[in-house]
Amino acid sequence: MKILEVSLGLGASSGGPVRSITGLARALSEVEGCDVSYFIHSPSGVDRFDLANAKVYKGCWNNIEGNDRSGDFERVLDEVKPDVAHFHGVWHMTLHADQVACKKRGIPYMIAPRGSLDAWSMRQKAWKKKLALLMFQMKDLNDAIALHVTAEMEAKHCTAIGYKGKFIVSPNGVNLPAYLPPWNRHVDGKRRMLFLSRMHRKKGLFELVNAWPIDKDDWCCELVYSLNGDDERAYESEVKALVKRRGLEDGFIFTGQLNDDEKWFAYRRADCFVLPTHTENFGLVIAEALYAGLPVITTKNAPWEGLLENNCGWWIDLNHGNLVDSLRQAMTISDAEREAMGARGNKFVCENFAWPAIAERFLSDCKKVLER
């Protein structure tokens, strides 16, 4: 089976979507009988990733216009002649033009919205998205043979905006390191909560700072985060100002961005992980934290009910009281209880989110949809 993976770009980001897109391409390329090509419109950053047996094609992105209509994609379609094209992302006219090119050639395609159709995201720049849905996006979605979503929650979001087609529900995998660094807890004499994500309003940092117990001076919270654009830099300043207003300067550590190797050391110096998110189609950092042996606090805006089912964390409705309570519970239980929760979380991830098994199931689901 020939699959053509398509995305706009990877850039300098090391966020969840980038790792899951490249992880899936690599894992599929290692499945017997699966011939994977990967077309990326903006080639910057692609060489940072190991794509195993996938053949990489690079487009010619125009940094001024932000649109690649060089004809490279059409030439790749004609050369590869894929059984199916798999697009990552929505809203962009470049991807729309790609999907038109597929339809002209009778090549079926799937779309992975990557969380861009959930209720929170739809409220951002809402009028532009409503216009795009009317002009081209809804037709592109409904003309796809299926949408690739990472959980049933994301499927419900897609249905809510009017999508009427099929779904392939396939979670993201975790790019597991060859080995985990040794534990390095209490390096500053405190137990440590870890937040690792983008510096973005939807990740709930204001809520975290406001809920942080001021009487727990034997705990601190390390913030590991990427910054993308002026909006996120402004939000970083707002978060720092809130920390100062609450008198929590000794309770929060602003580490900033770490690379893929360094972040595992951050996981292993922590006692617990927290992500009070407003929306998450998957939440790859949650899987990473569990694999690293940390109990996790997150919200029901992320599809992680497995935290409760496997007794390895707290899965809460996002409000101030719930967040305060879960933080205090995580801080109050014994080290041994947290370590036992972390061990169960590691087992949960190893059994359910390893890339080889996910790629096999994804390929099987693709074949079933194509056959229908």
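Is His-186 buried, exposed or partly exposed? With a relative accessible area of 34%, His-186 is partly exposed, because that class runs between 20% and 50%. Keep in mind as we go that this is a predicted model. His-186 sits in the loop between strand S7 (167–169) and S8, and its phi is positive, about 60°, although the residue is not a glycine. Ala-52 is another non-glycine residue with a positive phi, here about 50°. You will find Ala-52 in the loop between strand S2 (35–42) and strand S3 (55–58), partly exposed at a relative accessible area of 32%.

Let's follow the chain from that loop into the sheet. Strand S8 belongs to an open sheet of six strands, ordered S10-S9-S8-S11-S12-S13, with parallel pairing. The edges are taken by S10 (252–256) and S13 (313–316); each has a single partner strand, so one side of each has no neighbour in the sheet. From one strand to the next, the twist averages 20°. Helix H12 (residues 320–332) lies across S8, S9, S11, S12 and S13, and runs at about 175° to S13.

Now for the charged side chains. The whole structure holds 24 salt bridges. One of them joins Asp-335 to Arg-191, at 2.8 Å from N to O. Asp-335 lies in helix H13 (residues 335–352) and Arg-191 in strand S8, so this pair ties together parts that are 144 residues apart in sequence. Asp-335 is partly exposed at 26%, and Arg-191 is partly exposed at 25%. Lys-58 is in S3 and Asp-47 in the loop between S2 and S3, so the parts they tie together are eleven residues apart in sequence. Elsewhere, Arg-19, Asp-260, Lys-263 and Glu-288 are linked in a salt-bridge network.

Lys-139 and Asp-143 both lie in H5, four residues apart, about one turn of the helix, and they form a salt bridge with the closest N and O atoms at 3.1 Å. Met-135 is also found in H5 (residues 126–143), and it is exposed, with a relative accessible area of 59%. Together with Trp-127, Leu-131 and Leu-134, Met-135 forms a nonpolar surface patch of about 540 Å² of accessible area.

Definitions and conventions:
Residues numbered from 1 in each chain as written. Predicted model: local features only at pLDDT ≥ 70, side-chain atom pairs only at ≥ 80, totals over all residues. Heavy atoms only, no water. Patch = residues over 30% accessible without salt bridge, like charges linked within 9 Å, V, L, I, M, F, W, Y side chains within 5 Å. Areas by Shrake-Rupley, 256 points an atom, 1.4 Å probe, with all protein chains shown as cover. Salt bridge = Lys/Arg side-chain N within 4 Å of Asp/Glu carboxyl O. Helix = DSSP H or I, 4+ residues; strand = E, 2+ residues; numbered from the N terminus. Buried < 20%, exposed > 50% of the residue type's maximum accessible area, 1.4 Å probe, protein only. Pairing = 2+ DSSP bridges. Axes fitted to C-alpha atoms, helices over the stretch in contact; angles between N-to-C directions. Contact = heavy atoms within 4.5 Å.
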